[in-house]
Amino acid sequence: MRVTIRKKIAVIGGGITGLTAAFYLNKCARENHLPLDVVLIESSLRLGGKIQTLRKDGFIIERGPESFIDHDESMIEITKHLGIQDEVVCNREGQTYVAVGKHLYPIPKSILFGGAPIVPSLLTSGIVSLSGKFRAAGDLLLPKTKEDKDEPIGDFFRRRFGKEVVENLVEPLLAGTFAGDIDRLSIQSMFPEIYEMEKQYRSLIYGMKKTQFSLLHSQVKGFQTFKNGLETLVEKIEEHLPPKSILKGVKVESIDKLQDGTLQIYFNNIAPLKCHAVIVTTPLNEAKKMFEHYGFFHEILDMNYATIATVTMAFQKLENQLYEDAINFYFSRNSDISITTCTWCNHKWDNVAPAGYDLLRTYIGRVGDEAIVELSDADIEKTVLHDLEKSLGIKQQPQFTVVSRWKQSMPQYTVGHEKRLQKMREILKKEFPHVKLAGSSYEGISVPDCVSQGKQAAREIMSELFHEESSILA
C-alpha cells in the first residue's frame with residue numbers, strides 16, 4: 001500500500017555531496033510520486049563548497065578542484081540526468097614532471113597511468129639513484145607484513161621500495177594531490193587496493209603488473225571537466241532543485257531525537273526544523289558538534305585538515321619552450337621550492353585561456369607548511385613567481401594573479417580512519433538510525449567520490465523511509 005504520511009528529509013551542507021543527495025532525493029520523489037519534501041541547508045550564501053569557477057575575460061579559473069576522473073561513472077550518470085553530458089571535455093595528453101633537488105625529471109607514464117610496475121619504469125629514469133633502484137627492486141624478495149593492521153603511507157612504501165622512492169616520487173605526488181603528511185596518512189584509507197595487493201601477491205611489483213595498478217587512482221581514464229568550468233555541475237543541480245527547498249546562510253547547531261522518533265534540527269538564526277531523516281555532509285568535526293550534547297562521539301578523534309592556497313597566473317604567451325609538452329609538475333620537499341604542484345592549464349585544456357596566453361595554476365601549503373598561506377596576496381605572488389623562475393625558467397610578470405585560500409579544507413585520512421568511521425556509523429545506527437554521514441571527510445575527497453557518497457546516502461534513506469521503493473535509486 002502506498003505511503004500517505006508526508007515525510008521530510010534535511011540535507012545539511014551545500015557542497016557537491018549535499019547537492020547530489022538533494023538532487024537524487026527530489027528526482028526519486030518526483031518520478032515515483034512519493035510524499036516527500038527535501039530541504040537543503042547551507043551555512044554560507046552560496047552552494048558548491050570548494051567548487052568555485054571564476055570566468056574572467058575569456059579565462060576559466062578554478063579556485064578549488066579543477067577536474068575529475070570518473071572512476072565509477074557516477075559523473076556520467078548525473079550529467080545525463082542534468083542534460084549536460086555534451087558539455088564535458090577531456091584533457092589533452094602531456095608529460096608530468098617531478099622536481100628532485102634542482103632538476104626536473106619526466107615521470108614515466110606507466111607509473112601514473114598503470115601498465116607497468118614502478119621499478120622497471122624507474123630503471124631508465126633519473127628520479128632515483130642506481131642504489132635507490134636496487135633497493136626498490138628488493139620488493140621482489142621481501143615478505144609481506146605479518147600484521148594485518150593499518151600503517152602510514154610513508155612507512156608502507158619505505159618498507160617495500162626504500163627511502164629514496166618515497167622521498168622523490170611518492171611524497172611529492174601525494175603532497176601535491178592531498179597536501180598531506182605521508183607519515184600520518186593511512187595506507188588502508190588512501191590506497192585500499194595496494195593495501196590488499198600486498199596481502200594477495202606479497203610483492204607489490206608482481207601485484208602491480210598483474211593488476212595494471214595506477215599510482216594516482218585510475219587516471220588511465222583521464223581528466224574531465226566542463227566547457228564553462230567545474231561550477232557548471234553546481235549551477236545545473238541548483239537549477240533542478242525547488243528554490244524554496246534551499247536554505248542559505250543558516251548554520252546547524254545541534255540535532256535532537258524526539259520521542260516519536262522524528263528529528264529536530266536547531267539553527268543559529270531561525271526556528272527549529274522537524275524532519276524524519278537527515279543526511280549530514282559537513283566536515284567530520286562539524287558533524288560531531290551537532291551531537292555533542294549526547295556525548296557518544298567523545299572518543300572519536302577530531303579529523304585534521306590541511307590548509308592550502310591555489311595561485312593561478314595568466315601570462316602573455318611565455319617564451320620558455322623547454323616544457324611545451326608539460327601538463328603537471330610535482331615538487332618534493334628536498335627541491336627547495338614552496339609550491340607543491342603546478343598545472344600548465346592551457347596545455348591540459350583547450351578551453352581555459354584565450355589564444356596568445358598561458359595559464360598556470362599552482363598549489364602552496366601542506367601539512368607542516370601552512371604558514372605560507374597566511375602571507376598577503378602580494379607576498380604569495382612573489383613567492384610563486386620566484387619558484388616558477390627557479391624551477392621552470394619563467395621570468396615574465398603575470399597579467400593577473402588569483403589567490404584562493406582554503407583554510408582547514410583538505411581532510412587527512414590518518415591511520416585508523418576506517419575504524420573511526422565504522423565506529424561513528426555504528427553509533428549513529430543505534431542512536432540515530434535515520435542520520436547518514438557523507439562527504440569528503442569520509443570515503444574519498446574527489447568530486448566523483450563525493451557524488452557517489454551523496455547518491456548512496458540518498459538511496460539508503462529512501463530505502464528506510466519508503467521500503468517498497470528500495471530499488472528506485474539502483
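Let me start with Ala353, which lies in the loop between H13 and strand E17, the strand that spans 357–364. Please keep in mind throughout that this is a predicted model. With a relative accessible area of 18%, Ala353 counts as buried, because the cut-off for that word is under 20%. If we set aside its neighbours within four places in sequence, Ala353 is in contact with Gly58, Phe59, Asn346 and Leu359. Arg333, by comparison, is 20 residues from Ala353 in sequence, and the two lie 31 Å apart in space, C-alpha to C-alpha.

Lys348 places its charged end over the ring of Phe223, 3.8 Å from the ring centre, while the charged end of Lys56 sits over the ring of Phe400, 5.1 Å from its centre.

That brings me to the aromatic rings, of which a search of the whole structure finds 18 pairs. One of them joins Phe156 and Phe157, whose ring centres are 5.5 Å apart and whose planes stand at 85 degrees, so this pair is edge-to-face. Phe156 is buried at 0% relative accessibility, and for Phe157 the value is likewise 0%, which makes it buried. Phe291 and Phe297 also form an edge-to-face pair, with centres 5.9 Å apart and planes at 85 degrees, and both of these residues are buried. Finally, ring pairs link Phe291 and Phe297 with Tyr294, Phe296 and Phe432 into a cluster.

Conventions. Residues are numbered from 1 along each chain as its sequence is written. This is a predicted model: local features need pLDDT of at least 70, side-chain atom pairs count only at pLDDT 80 or more; totals for chains, interfaces and linings use all residues. Side-chain values use heavy atoms; hydrogens and water are left out. Helices (H or I, at least four residues) and strands (E, at least two) are DSSP runs, numbered from the N terminus. Buried means under 20% relative accessible area, exposed over 50%, partly exposed in between (1.4 Å probe, protein chains only). Contact means heavy atoms within 4.5 Å. Rings of Phe, Tyr and Trp (its six-membered ring) pair if their centres lie within 6.5 Å; planes under 30 degrees apart count as stacked, over 60 as edge-to-face and the rest as tilted. A charge sits over a ring if NZ of Lys or CZ of Arg is within 6 Å of the ring centre and within 35 degrees of the ring normal.
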